[in-house]
Amino acid sequence: MKVSFPHLGNMSIPLRAFFSGIGMEVVTPPPTTRKTVAIGAQLAPETACLPLKVTTGNMIEAINAGADTVFMVGGIGPCRLGYYCELQKDILDDLGHDAELVVIEPPKGHLRETARFARILTSRARIRDVVEAGRLAWEKCIGIDVFDQLANAARWSERETGAVDRAARAGLDWLDKASRVPDVREAIAATMEKVRSCSTLGTIHSLDPCAPGLQVGAQPPCGADSPVTVGVVGEIYVVMEPAVNMNLCKKLGAIGVAVSQPITFSGWIMAHVVLDVIKLMAKPDMLTWAMPYLRSFVGGHGVESVGRSVQMARSGLDGVVHISPLTCMPEIVAQSILPRVSEEEGIPIMSLTVDEHTADAGLDTRLEAFCDLLAVRSGKRLHGAAVTPCKNGRAT
Ligand code: SF4
């Protein structure tokens, strides 16, 4: 059995650890590139959202590399994710691939599918090995989320261009090689220290005190030298996958802003798999934050986009970037509500929509203009240079 899975940020690291830990041969798909996106866009319906197209491209590339079983997450609610696996099965059948697509449904409401997934795992390994592999993968997952959040918060203050990303990359390689939980923890601690030492950050703690799950970030200094702070919200796949969001967080860091991107895979698992199943969702949750503007579940991360924007405004962040795939229904709902959130909570919010045609240049221009606006509005600095309004109102 040669197993594979679509990419989601750096999640191939814990997934590889988990599946190889229970004795399965893992075929990691090649990194997502424009070619991957083009393969998926050619095979998927034109109006399907970008996650379907890109994950289909990953699957085809993994099968071409030798995978015979592909794991894919399912979904519940109004979002189309729950339907996409059926579509992807049809696409693979039509192409004549005999690889098996195994759908991992959220346990809530899908106990039979969850039991089937558990049977596949335990048919290959002892329960004890599955638990051990799961524990190692979970620790690696947390490490990846720590590195992402920390790098997002630290890039604006790095002492040498690219130093933060080099430290985070080295940490990821260390995590990937670690075969025991203590080694993973050592890699996390050492990388956090390394990132801190190559930037001018002070204390490491959270920029997002109300996020469920992981709570790591770095508080930028207050006062005259404080940077512009921007929160990133939106559909989880495009927020977490740099290959489709055009490295949004890196671009913002390069402009000179501190970024809070609280949407993490470990946070998602904790909120939607563990706490939701045992009815222990931490309060206030995103529904509570969103309540004045959106009172019902609209699928995907629609409620989170509204709730987090409210929470970020009340936490004192200077602006919010909302990013979503074209035709994503939950985020279309959120996008229609965010102008009211912006007005009533007093925070600028910019919505960006991406599809397979989105290019770097257009995104760069919009981000620079938005950050200029935030700097002028807040009286803070970008890139260490004071931004002041000139006569025609444009930032300098
Ligand atoms: S949340 Fe939106 S983009 Fe993501 S799978 Fe659902 S419809 Fe597609």
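**Strands, helices and ligand shell**

Me: In S3, what is the bridge partner of Ser4?
Reply: Ser4 has Val70 as its bridge partner in S3. This is a predicted model, in which local features need pLDDT of at least 70, side-chain atom pairs count only at pLDDT 80 or more, and totals for chains, interfaces and linings use all residues. Residues are numbered from 1 along each chain as its sequence is written.

Me: And in which sense do strands S1 and S3 pair?
Reply: Strand S1 (residues 2-4) and strand S3 (residues 69-73) pair in the parallel sense over 2 bridges, where pairing requires that DSSP finds at least two bridges between the strands. Strands (E, at least two residues) and helices (H or I, at least four) are DSSP runs, numbered from the N terminus.

Me: How many bridges between S3 and S4?
Reply: S3 and strand S4 (residues 100-104) are joined by 5 bridges, again in the parallel sense, and Phe71 has Val102 in S4 as its bridge partner.

Me: Switching to the sheet with S7 in it, what is the strand order?
Reply: That open sheet of 4 strands runs S6-S5-S7-S8 with parallel pairing; strand S6 (257-260) and strand S8 (349-354) are the edge strands, each pairing on one side only. From one strand to the next, the twist averages 25 degrees.

Me: How many bridges join S7 to S8?
Reply: Strand S7 (residues 319-325) is joined to S8 by 6 bridges, and the two run parallel; Ser324, for instance, has Thr353 in S8 as its bridge partner.

Me: Now helices: at what angle do H1 and H6 pack?
Reply: Helix H1 (residues 12-21) packs against helix H6 (residues 127-154) at an angle of about 170 degrees, with the axes 8 Å apart. Axes are lines fitted to C-alpha atoms, for helices over the stretch in contact, and angles run from 0 to 180 degrees between N-to-C directions.

Me: So how are H1 and H6 oriented to each other, roughly parallel or roughly antiparallel?
Reply: H1 and H6 are therefore roughly antiparallel to each other, a label given to angles over 145 degrees.

Me: Last topic, which residues are closest to the ligand?
Reply: Cys49, Cys79, Leu81, Gly300 and Cys328 are the closest of the 13 residues that surround the ligand, a residue being near if its C-beta atom, placed from the backbone, lies within 6 Å.

Me: Which helix gives the largest share of that shell?
Reply: Helix H15 (residues 329-345) does, with 3 residues. The shell also draws at least three residues from each of domain 1 (2-125) and domain 3 (204-386), with bounds from an automatic or database domain assignment.

Note on methods. Parallel < 35°, antiparallel > 145°, perpendicular 65-115°, else oblique.
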